[in-house]
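The following report describes a single protein chain and is intended to be read alongside its sequence and coordinates. Overall architecture and confidence are treated before individual residues.

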Amino acid sequence: MWQIYTSSVINWKYNHKILEIIDESQHSIIMKKKSVTAKIARFIFRMISGLATIFLADQVLLYAGISGYMVGINIISALTCGILGVPGAALLFSLFALKNL
């Protein structure tokens with residue numbers, strides 16, 4: 001009788017650990033889904049802020065009459081700003097400045 005009780009307790013603890021592992025794995029999958037959407041949201045936010053910086057800087061340069069350093073808004077600049085944000089816009093402007101030297 002004692003052995004059955006001991007084995008059932010061990011079995012319950014074993015099953016409880018399996019349930020914890022399953023719960024943790026489902027929790028990590030949910031957390032990964034949240035992190036993917038958070039990464040996409042951060043990418044879009046950085047892209048919009050970088051492209052807005054490019055647009056505003058282009059308008060300032062156009063108003064100042066400096067047309068050689070203007071950066072166009074295209075897929076390459078959008079991806080650069082999406083990955084790097086506003087520093088990506090600064091990188092694009094510095095590359096255009098180096099090209100025009």
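Contact, as used throughout this report, means heavy atoms within 4.5 Å. The structure is a predicted model, in which local features need pLDDT of at least 70 and side-chain atom pairs count only at pLDDT 80 or more, whereas totals for chains, interfaces and linings use all residues. Residues are numbered from 1 along each chain as its sequence is written, and side-chain values use heavy atoms, with hydrogens and water left out.

**Architecture and confidence**

The chain contains three helices and zero strands, in the order α-α-α from the N terminus. Helices (H or I, at least four residues) and strands (E, at least two) are DSSP runs, numbered from the N terminus. Of the contacts between residues at least 6 apart in sequence, 62% join residues at least 24 apart.

Confidence is expressed as pLDDT, the predictor's confidence in each residue, from 0 to 100. The chain has a mean pLDDT of 78, with 66% of its residues at 70 or more. Among the elements, helix 2 has the highest mean pLDDT (94) and helix 1 (residues 2-64) the lowest (71). Over residues 5-12, pLDDT stays under 50, and the model has zero contacts beyond four places in sequence for these residues. Where pLDDT is low, the predicted coordinates should not be read in detail.

**Surface and burial**

Accessible areas come from the Shrake-Rupley method with a 1.4 Å probe; for residues, only the protein chains shown count as cover. The accessible surface of the chain is about 7900 Å², and carbon and sulfur atoms account for 73% of this surface. Buried means under 20% relative accessible area, exposed over 50%, and partly exposed in between (1.4 Å probe, protein chains only). By this criterion, 16% of the 101 residues are buried.

A nonpolar surface patch is formed by Ile66, Tyr69, Ile83, Leu84, Leu91, Leu95, Leu98 and Leu101, which together have about 790 Å² of accessible area. Helix 2 and helix 3 (86-99) are the elements that give two or more residues to this patch, and helix 3 supplies the largest share, three residues. Like charges are joined within 9 Å, and nonpolar side chains (Val, Leu, Ile, Met, Phe, Trp, Tyr) within 5 Å.

**Helix 2 and its surroundings**

At the start of helix 2, a side-chain oxygen of Asn74 comes within 3.2 Å of the backbone nitrogen of Ile76. After the helix comes Gly85, with a positive phi near 80°. The buried residues of helix 2 are Ser77, Ala78, Thr80, Cys81 and Gly82.

For Ser77, a polar side-chain atom lies 3.3 Å from the backbone oxygen of Gly72.

Beyond four places in sequence, Ser77 touches Leu51, Ile54, Gly72 and Leu92. With the same exclusion of neighbours within four places, Thr80 is in contact with Gly85, Gly88, Leu91 and Leu92.

Gly50, in helix 1, touches Cys81, Gly85, Val86 and Ala89, not counting residues up to four places away in sequence.

| Pair | Sequence separation | C-alpha distance |
|---|---|---|
| Gly50 and Gly82 | 32 residues | 7.3 Å |
| Ala52 and Cys81 | 29 residues | 9.8 Å |
| Ala97 and Val71 | 26 residues | 9.9 Å |

**Accessibility of individual residues**

Gly50 counts as buried because its relative accessibility is 0%. Ser77 is likewise buried, with a relative accessible area of 3%, and Thr80 counts as buried at 16%. Ala52, which belongs to helix 1, is partly exposed because its relative accessibility is 35%. In helix 3, Leu91 is partly exposed at 38%. Ala97, also found in helix 3, counts as partly exposed at 26%.

Notes: Patches are made of residues with over 30% relative accessible area and no salt bridge: like charges are joined within 9 Å, nonpolar side chains (Val, Leu, Ile, Met, Phe, Trp, Tyr) within 5 Å. A salt bridge is a side-chain nitrogen of Lys or Arg within 4 Å of a carboxyl oxygen of Asp or Glu. A polar contact is a pair of N or O atoms within 3.5 Å; within protein, one must be able to donate a hydrogen and the other to accept it, and residues adjacent in sequence count only if both atoms are side-chain atoms.
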